[in-house]
Amino acid sequence: MGTAAAVPDETHATTHLAVEGEFGFFMIDSGCNPILRIRDAGLDLDRLGGLILTHFHPDHVATVPIFLMDTWLLGRRAPLPIYGLQDVVDRYNIMMDLFRRDEWPGFFDTPCRVVPEKTGALVFEDDDFRVTAAPVKHVVPNIGLRIENKDSGGVVAYSSDTSPCDTMVELARNADILIHEAAESTPGHSSAAQAGEVAHRAGARRLVLIHYRPAPHKYDRWIEEAAETFGGPVELGQDLATYEF
Ligand SMILES: [Zn+2]
């Protein structure tokens, strides 16, 4: 839904993803108000089954209150589970209380499901997907994700924000698609070349770079650098692009 690192531009919202199956869809993080992209993507908001929050940085969670408020104003009354580490869930609750959610008449419940901070932790399993997580290496507690399509057997892994780490390699083991951040090689982040290395070590089949700084003159170089370390197909993620698995 969005592909930008912290600062968005006209065509790159901050990083967030939607994963759709036969029975519904779920969201990963909440970039620039997701309501807009959900509409643009043609997804039916009534089919939203859950929201995973990877970590508590503003470009990933700051729009959660307006996203949930809009969803409520558009008529939702069914509970919407929120998945995240204890750190994230605690801060989510504080953030929603600041906005006085108790005073929103009929606001739906958002039961929080705490994801244990260990490799292979189950986030949730429904009729479409089995989603597991592992801690990754960022400046605040954060998780990467592995999403298995129970129907096709296809696997997508998503790094969230991280410097290269073994837990991400494990999560992405033999994945059909690895969606890996490429913000830069500073503490807590990865360069395109480092994302390629993780894809190579994991044996992923395809690499999509995400969470990058919109800078068109650098795109070709990033793809080259990642392809060199990966040895497989690399592309730069685009807002509203779809990937089947
Ligand atoms: Zn972050």
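Reader: Where is His-211 found?
Author: His-211 is in the loop between β11 (207-210) and α7. Helices (H or I, at least four residues) and strands (E, at least two) are DSSP runs, numbered from the N terminus. This is a predicted model, where local features need pLDDT of at least 70, side-chain atom pairs count only at pLDDT 80 or more, and totals for chains, interfaces and linings use all residues. Residues are numbered from 1 along each chain as its sequence is written.

Reader: Is His-211 buried or exposed?
Author: His-211 is buried, because 29 other C-beta atoms lie within 10 Å. The cut-offs are 20 or more other C-beta atoms within 10 Å for buried, 12 or fewer for exposed, and partly exposed in between, with C-beta atoms placed from the backbone.

Reader: What is the phi of His-211?
Author: Near 55°, a positive value in a residue other than glycine. Most residues other than glycine have a negative phi.

Reader: What about Asp-29, what phi there?
Author: Phi of Asp-29 is near 65°, again positive in a residue other than glycine. Asp-29 sits in the loop between β2 (25-28) and α1 (34-40). With 26 C-beta neighbours inside 10 Å, Asp-29 counts as buried.

Reader: Which residue just after α4 has a positive phi?
Author: Arg-100, at about 55°.

Reader: And how far apart are the end C-alpha atoms of α4?
Author: They are 19 Å apart. Helix α4 has 13 residues (86-98) and should span 18 Å at 1.5 Å a residue, so the two values agree. The expected span is 1.5 Å times one less than the number of residues.

Reader: Changing topic. How do α6 and α7 cross?
Author: The axes of α6 (residues 192-202) and α7 (residues 219-230) come within 7 Å and cross at roughly 30°. Axes here are lines fitted to C-alpha atoms, for helices over the stretch in contact, and angles run from 0 to 180 degrees between N-to-C directions.

Reader: What do you call that arrangement of α6 and α7?
Author: Roughly parallel. That term covers angles under 35 degrees; over 145 is roughly antiparallel, 65 to 115 roughly perpendicular, and the rest oblique.

Reader: Which residues of α6 and α7 meet?
Author: On the α6 side, Ala-192, Ala-193, Ala-195, Gly-196, Glu-197, Ala-199 and His-200. On the α7 side, Trp-222, Glu-225, Ala-226, Ala-227, Glu-228, Thr-229 and Phe-230. Two residues are in contact if their C-beta atoms, placed from the backbone, lie within 7 Å.

Reader: How many of the contact residues are nonpolar, polar and charged?
Author: Eight are nonpolar, three polar and three charged. Ala, Val, Leu, Ile, Met, Phe, Trp, Tyr, Cys and Pro count as nonpolar, Asp, Glu, Lys and Arg as charged, and the others, Gly among them, as polar.

Reader: Where does Tyr-243 lie?
Author: In the segment after β12 (234-236). Tyr-243 counts as partly exposed because it has 15 C-beta neighbours inside 10 Å. Tyr-243 touches Ile-177 and Val-208, leaving out residues up to four places away in sequence.
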